[in-house]
Amino acid sequence: MDDYGLSVGNAVDLRGLAAEKLGDLRSGRIWDKRAGEGSFGEGGRETEKDYSEKLDNNNSSSSSNNNNMDLPGLAVVLQAVLSPNPDERKEAEQRLDQFQYTPQHLLRLLQIIMDNNCDMAVRQVASIHFKNFIAKNWAPHDPDEQPKVSHNDKAMVRDHILVFLVQVPPLLREQLGECIKTMIHADYPEQWPHLLDWIKHNLQDQQVYGALFVLRILSRKYDEKNLSQAINCGMRVLGLCFSALTLDFQSEGLATYHVLAYYNSVYGFFKIKSDEERTPVYRIVEMTFSHLLNIFIKLVQIPNPSLEIADLIKLICKIFWSSIYLEVPKQLFGPNVFNAWMVLFLNVLERPVPIDGQPVDPELRKSWGWWKVKKWTIHILNRLYTRFGDLKLQNPENKAFALMFQKNFAGKILECHLKLLNVIRVGGYLPDRVINLVLQYLSDSVSKNSMYNLLQPKLDILLFEIVFPLMCFNDSDQKLWDEDPHEYVRKGYGEYQYLDPLLERIKMLGIFVGLVEGTDPAIECNKPFDIIEELYSPRTASMDFVSELVRKHGKENLHKFILFIVEIFKRYDEAPLEFKPYRQKDGALLAIGALCDKLKQADPYKSELEHMLVQHVFPEFRSPAGHLRAKAAWVAGQYAHINFSDQNNFRKALRSIVSGLRDPDLPVRVDSVFALRSFVEACKDLSEIRPILPQLLDEFFKLMNEVENEDLVFTLETIVDKFGEEMAPYSLGLCQNLAAAFWRCMNTAEADDEADDPGALAAVGCLRAISTILESVSRLPDLFVQIEPTLLPIMRRMLTTDGQEVFEEVLEIISYMTLFSPTISKEMWSLWPLMIEALAEWAIDFFPNIRVPLDNYISRGTTHFLACREPDYQQSLWKMISSIMADRNLEDSDIEPAPKLIEVVFQNCKGQVDQWVEPYMRITVEQLRRTEKSHLKCLLMQVVADALYYNPALTLSILQKLGVATEIFNLWFQMLQQVKRSGVRTNFRREHDKKVCCLGLTSLLALPVDRLPGEALERIFRATLDLLVQYKDQLAEAAEEEAVDLDDMDAMQALDPLRFQNLTQTLDFHFQALANGVAEHAEQRRVVIGKEKSEKTSAAGAS
């Protein structure tokens, strides 16, 4: 094994090289050797002094050379960081902070990390401090920021850290690896151009492990960059999905359509962008993959390989994975090269994992080196199959390669996977992740006829002897159920709770496992991702396989699978109590629940569902096995929406579900809550639930105190939505309990510091439920006064950066509170500055959401808005709007809420904000000249219309003062006349837009004759008539007849009938007809409105 640096001789040489480097560091020879290159040696002291002065001038914590901490002193300080005395610890940490920016500080830390004579705890503290400093200071976050690390120090760290990497223990190597990762992301290739050369050289020399370790980090630079983009896009897609659910799309298909449309647009952009960034990956492949292949070949030929060999193979697999992350590099397309790699992967896949050395502990066993190798090998093969398994999805240039892959390898991989699964059939061990990945491959194969034909002869054994047993309750489940039911709920719950049809389709899109095909966030990220963890379980993969098999080949498989399930039901019913196959029954119920969509639609099963539930599911509500009680509740929920021929069966199931909320086992209570949501949605007669509503809510809040689960809150939302105003007596208590639950969830999320923690999801759910409650009692304003003190602390805290994850939900609550409360209290007004501050600092993406409560403050609290001077809300609003509209870096969509808020001011503060008309008109005109997007142009032009409605004389004089009156009116009339090819108006398409323009134009018609030339007056009159007719027709089409605002025209006609008559006579026949039609419509509306007022007056008098 001389070639791999694993022999004694090579290991000694490597230690000697590291010792030489370390000796150079200790003796200072490094500085002298590099002095001629601008280092801090004899010729570099002035540079060091200048560098320190620069840091001092920037208020850094650096010091001059005389104040540098020497190596022994630094070791003493690091030792003190470990002191049990908090004062000593604090003093040591302060000293570290004081000297951390001094030149060569990083190099001294590196010396201590490498010193085998130094205490390991001190070395570990040094490595952590080294890692944290590099992460924070290696690359300035702000382009204008003064660098904290000199170029010389950086160069020396880069030179030495690669050599030292393999000489430190694994614990320290992990820290140094994080440092190298930071350095590569910041410096490669520009400041570290020879890194790839170093890797290539050492792949052929004595530092194979170090070279592989660094190459893995380098290759991850490009897949992590894509992963970050994928996750961001995926989160946006998920946001759209949840919005679709929130908006209650009438059909699942419509919601799925929107998700797919967004996914396609994002993926298209992402793919193009990623193609441009693939060049560095191609270079990595060109320079290193031939050497990797040679190393791989020699490694697999070693008899009785050690665990160290597994580590090397695992690194090679990870490098290969990162390099094919988005696409297979063209350098691998050559048949000979690709075949060589595939032979090796198949060799590793087929080779049994060594028995000796496997840990006994299950958690350690699944992470054992050789199982990791197996997992990564399957991961790679699955990725290639996903990429090339379907010829229909291939680009023309890839089709020949895909055909070769299918012909030569797809079937072989399938055969190997089936052999691997047979291990568990005969009682052997496979890690959960390996089982899951293999079943993913099989699920993908089901949809391809050639692969399905290969699978079919072994399908019965696979389905009934491998897949179904994986679906059954097992020893691990029972242990978790007994010892940690909360963890069982957290982990096991999601395996079958996320079978909602829309979420299932989202999962099938691959969003949960990464936006890009084959992405594996659970592998690529350092922290667990609960939803991903659930999707990676063998049980989930088994359910997916059965669902896909029935979906694609239902005719030949559904019936025999159902017969198999029925046989299990029969054996269970016939067996004595002590010998009942509880676990098999659990698996059978899971299968029935997983196939609910298919069974609800397929004959003859759909007509037998009620009988099946009554005979085989409902009896398990009383099962002595807790897991069966839980599964019965879940299955009942899956079928709650079927048409029960006997409503008593529905009622019995509902009562059993409610009883399950008081079950002694926590998982049963949680599954009962999930099922209750479906039953409440399906319930046609609320009298079934109404009498027990108080007790139901009590059970809910007991459970919320016990477990953090978003479905608890979703079910509560469903109940509130279903009962509407009937929830009024409980609304205060509901909000108080939800607020308390919210704080608990937030505290849990902060303590765990996990963005995907279920507590964080439940916290969002609590706020959504509060919004649902507020909406349901919106016609009872006095309740808002009672609820406000409970919600104020949440609103105040979550409007800061602490609330970024729930900011949208908090703004929705504020919108309800400011809209439906009898008046806006001073306490609620105190939230205004917090929203403005957030908008200025970090919340520009939430501007549309912030606009809604700001609108409410101005329109419903107009008097306070105008009168208050501390704070000055008018000035605050102006400062915010003017700042946003002046920012050239913002997109039009970011700016759009600003003109809407100006509109609110002019419409609600008529005659009271004259001083603001000119400033707002000035920034509106400036923005109008810059804007190209038609939607924002319309909004800005409506500001002009609103200003004219506010005060036509003042606004016209301001436009003339600014010298833009003719320009603005020409643009306005041009926009009014623009039409698309279809004949549809291009601009001002909404009813509101037309209405605002009408109000602005009709206000001009009421001006004195000397303010408007006759020609301008006629032009305005024609435009107004056109708009009024369009507005009336649009209302009629929408069957939403309202009083068209013709008040200004009527008033003008009444004040100056001659002028109105003269204007009408100047019109051609077309416009005269329009004018007469508008006048008739106005008269009709006046009669109708007058009649309605009389009726209301009579009714009020009678009462």
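Author: P604 sits in the loop between helix 31 (596–601) and helix 32 (609–617). Helices here are DSSP runs of H or I with at least four residues, numbered from the N terminus. This is a predicted model, where local features need pLDDT of at least 70, side-chain atom pairs count only at pLDDT 80 or more, and totals for chains, interfaces and linings use all residues. Residues are numbered from 1 along each chain as its sequence is written, and side-chain values use heavy atoms, with hydrogens and water left out.

Reader: OK, and the peptide bond from D603 to P604, is it cis or trans?

Author: That bond is cis, with omega near 0°. The bond from E870 to P871 is cis too, with omega near 5°. P871 is in the loop between helix 45 (862–867) and helix 46 (873–886).

Reader: New topic: what's the phi of N304?

Author: About 45°, a positive value although N304 is not a glycine. N304 lies in the loop between helix 13 (279–300) and helix 14 (307–323).

Reader: And F988, what's its phi?

Author: Near 50°, also positive in a residue other than glycine. F988 belongs to the loop between helix 52 (965–977) and helix 53 (991–1005).

Reader: Is F988 buried or exposed?

Author: F988 is buried, with a relative accessible area of 2%. N304 counts as exposed, at 76%. Buried means under 20% relative accessible area, exposed over 50%, and partly exposed in between (1.4 Å probe, protein chains only).

Reader: Where does E808 lie, then?

Author: In helix 41 (residues 807–820). E808 is partly exposed, at 44% relative accessible area.

How values were computed
Helix = DSSP H or I, 4+ residues; strand = E, 2+ residues; numbered from the N terminus.
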